[in-house]
Amino acid sequence: TKIEYKLSEEEFKSFRDNEAKLSLSKHLHNSLGFIQGLLIPLSFASAHQSIRQRTWNHSLENIYDAVERGEIVVPPSIKKSEFRYEFESQCKRMIELYKELVKKGYPKKEAILFIPHALQIYEIIEINGWNAFERISKRVCTKAQWEIRSKAWEIVSLLKKESPELAKYLGPPCYTYGACPEKNPCDKKELYLAKRKRLLGK
């Protein structure tokens, strides 16, 4: 989801007293105090893939808030398999164990180690033009992890609405640059190269 949030004067002042809030200031795009970016829900495992993109501006939700919500992401292959119930039950038990430990007085920072990597967490990211071409292309590639690939394609869809001219150049590296950087290209390479030639004339 694209977000544009106007900070109140009170919130703006509170930044200097709260380091977590201060990190959101990297998403401020003008002196009017607007936070602009993309709000993305993703699993903790996929968040790791996202934060590896060092040139994106990131702000992750507090993990303790995420575990209180207790939502999880189930991979498509598991969703369609005989292991779905077991997967969901195991994740639920791990989240309940965390809450039980905290209730019994164990430190949150230790109990948190029990949470599943499937736990859903929210992230605000801000992507500039270079990242739209370079980083998004890497993440929509079929070689990318399934969930971050799905989110990257959703970002491309949002960019298409904002800037159709920019978006027509966005796709996996074979489409964006006209060549695949992978040692073992996927079977979609030729389709993307043909699409590139049809749309961009090269």
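## Basis

Local features need pLDDT of at least 70 and side-chain atom pairs count only at pLDDT 80 or more, while totals for chains, interfaces and linings use all residues of this predicted model. Residues are numbered from 1 along each chain as its sequence is written, and side-chain values use heavy atoms, with hydrogens and water left out.

## The sheet

Four strands form an open sheet in the order 1-2-4-3, with antiparallel pairing. Strands are DSSP runs of E with at least two residues, helices are runs of H or I with at least four, and both are numbered from the N terminus. Two strands pair if DSSP finds at least two bridges between them. Strand 1 (2-6) and strand 3 (57-60) are the edges, each pairing on one side only. From one strand to the next, the twist averages 35 degrees.

Strand 2 and strand 4 run antiparallel and are joined by six bridges. Leu39 has Ile124 of strand 4 as its bridge partner.

## Helices across the sheet

Helix 3 lies across strand 2, strand 3 and strand 4. Its direction is at about 135 degrees to strand 2. Helix 9 lies across strand 1, strand 2 and strand 4, at about 150 degrees to strand 2. Axes here are lines fitted to C-alpha atoms, for helices over the stretch in contact, and angles run from 0 to 180 degrees between N-to-C directions. Contact means heavy atoms within 4.5 Å.

## Helix 8 and its cap

Helix 8 (residues 129-140) has twelve residues. From first C-alpha to last it reaches 16 Å, close to the 16 Å expected at 1.5 Å a residue. The expected span is 1.5 Å times one less than the number of residues. Its buried residues are Asn131, Ala132, Glu134, Ile136, Ser137, Arg139 and Val140. They pack against helix 3 (44-51), helix 9 (146-162) and helix 11 (173-177). Asn131 counts as buried because its relative accessibility is 0%. Buried means under 20% relative accessible area, exposed over 50%, and partly exposed in between (1.4 Å probe, protein chains only). Leaving aside neighbours within four places in sequence, Asn131 contacts Thr55, Trp56 and Ile136.

Asn128 sits in the loop between strand 4 and helix 8. At 38% relative accessible area, Asn128 is partly exposed. Asn128 caps the N-terminal end of helix 8, with a side-chain oxygen 3.3 Å from the backbone nitrogen of Trp130. Asn128 and Lys160 are 32 residues apart in sequence and 14 Å apart in space, C-alpha to C-alpha.

## Helix 9

Helix 9 has 17 residues. It reaches 25 Å from its first C-alpha to its last, close to the 24 Å expected. Glu147, Ile148, Lys151, Ala152, Ile155 and Val156 are its buried residues. Their cover includes strand 2, helix 3, strand 4 and helix 8. At the helix start, a side-chain oxygen of Gln145 reaches to within 3.1 Å of the backbone nitrogen of Glu147.

## The nonpolar core

The largest nonpolar core has 27 residues, and Val67 and Ile115 touch the most other members. Strand 2 (34-43), helix 4 (63-69), helix 6 (84-103), strand 4 (120-126), helix 8 and helix 9 give two or more residues each. Helix 9 gives the most, with four. Such a core is a set of buried Ala, Val, Leu, Ile, Met, Phe, Trp, Tyr and Cys residues joined through side-chain atoms within 4.5 Å.

Val67 touches Ile95, Tyr98, Lys99, Ile112, Ile115 and Leu119, not counting residues up to four places away in sequence.

Note on methods: A polar contact is a pair of N or O atoms within 3.5 Å; within protein, one must be able to donate a hydrogen and the other to accept it, and residues adjacent in sequence count only if both atoms are side-chain atoms.
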